[in-house]
Amino acid sequence: MNYHVVIPAAGQGKRMNAGINKQFIELEGIPVIIHTLRVFERDDFCQGVVLVINDQERDQFVRMLRCFEIKKVNALVSGGEERQQSVYNGLKAVNDGHIVLIHDGARPFVTIKKIHELVHATKETGAAVLAVPVKDTMKQVVDGHIEKTVDRSSLWAVQTPQAFSMSLILNAHERAKKERFIGTDDASLVERMGHRVVIVEGEYTNIKLTTPEDLLFAEAILRARGDR
Ligand SMILES: Nc1ccn([C@@H]2O[C@H](COP(=O)(O)OP(=O)(O)OP(=O)(O)O)[C@@H](O)[C@H]2O)c(=O)n1
Ligand SMILES: C[C@](O)(CO)[C@H](O)COP(=O)(O)O
């Protein structure tokens, strides 16, 4: 069940519009990225973390890791223009291990329970993702009007971590780069090679902090957890 994890945290956070890297926004006095890293710090199955960052934020990250005593980050790697490039840079820095997880730095609420279910499922096909069934009715919209209502029964909102055998995901990234394909998640690079990806039902609290209102949900999630 051992794994390594690549955590992309090198984005611009444009949709958050916070004026700073959203990974540095504090929730109950702790930066988002530290909340995320602490999950893996606490998981004995996590053998090491590769953190992908903006070079100009390197000093800030080094100080933060030291201040919060994060020990498992064994590489700080430069990100790229696209999330996919950042992830690929991170994968190349994972020096051993058979299973690798890729997890957004902006998703601080993943649980160890779900991580372990995901890693276990990866043994089945070499690829598995956390996802939750969509709750809203989905419509396809063209030029501002509804083209059709999409059958919701087979639609899932995919999250991270996404887990893969190391060789499979490296091959998928290398092929996507060669073919100039850019996907919005890593599983899409594996799917396009015709490889089965297993869905593991995740939790609705595993939100990605993307726009300002997500911070309201984040504070509510922390309060609810604190009450337990
Ligand atoms: N070039 C990029 C883009 C994104 N990410 C990371 O990938 C995760 C998911 O991406 P997203 O939520 O879209 O972050 P941003 O790209 O920063 O957001 P935006 O699109 O609003 O700028 C984030 O932890 C982000 O830091 C990254 O490492 N490198
Ligand atoms: C990888 C991801 O979190 C799965 O839902 C999502 O695709 C990232 O998208 P973003 O626009 O890069 O945040």
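How many residues has helix α7, and what span does α7 reach from its first C-alpha to its last?

## Helix α7

Helix α7 covers residues 213-226, has 14 residues and reaches 20 Å, close to the 20 Å expected at 1.5 Å a residue. The expected span is 1.5 Å times one less than the number of residues. Helices (H or I, at least four residues) and strands (E, at least two) are DSSP runs, numbered from the N terminus. α7 is hardly covered, with one buried residue among its 14. Buried means 20 or more other C-beta atoms within 10 Å of a residue's own, C-beta atoms being placed from the backbone.

## Model and numbering

This is a predicted model: local features need pLDDT of at least 70, side-chain atom pairs count only at pLDDT 80 or more, and totals for chains, interfaces and linings use all residues. Residues are numbered from 1 along each chain as its sequence is written, while chains are lettered from A and ligands numbered from 1 in the order in which they are written.

β8 pairs with β9 (residues 145-150) in the antiparallel sense over five bridges; pairing takes at least two DSSP bridges. Gln140 has Lys148 in β9 as its bridge partner. Two residues separate the strands of this hairpin, and Asp143 in the turn has a positive phi of about 50 degrees.

## Ligand 2

The residues around ligand 2 include Arg83, Asp104, Lys208 and Thr210. A residue counts if its C-beta atom, placed from the backbone, lies within 6 Å. Strand β10 (residues 156-165) gives the most to this shell, with three residues.

Key. A residue is buried if 20 or more other C-beta atoms lie within 10 Å of its own, exposed if 12 or fewer, and partly exposed in between; C-beta atoms are placed from the backbone.
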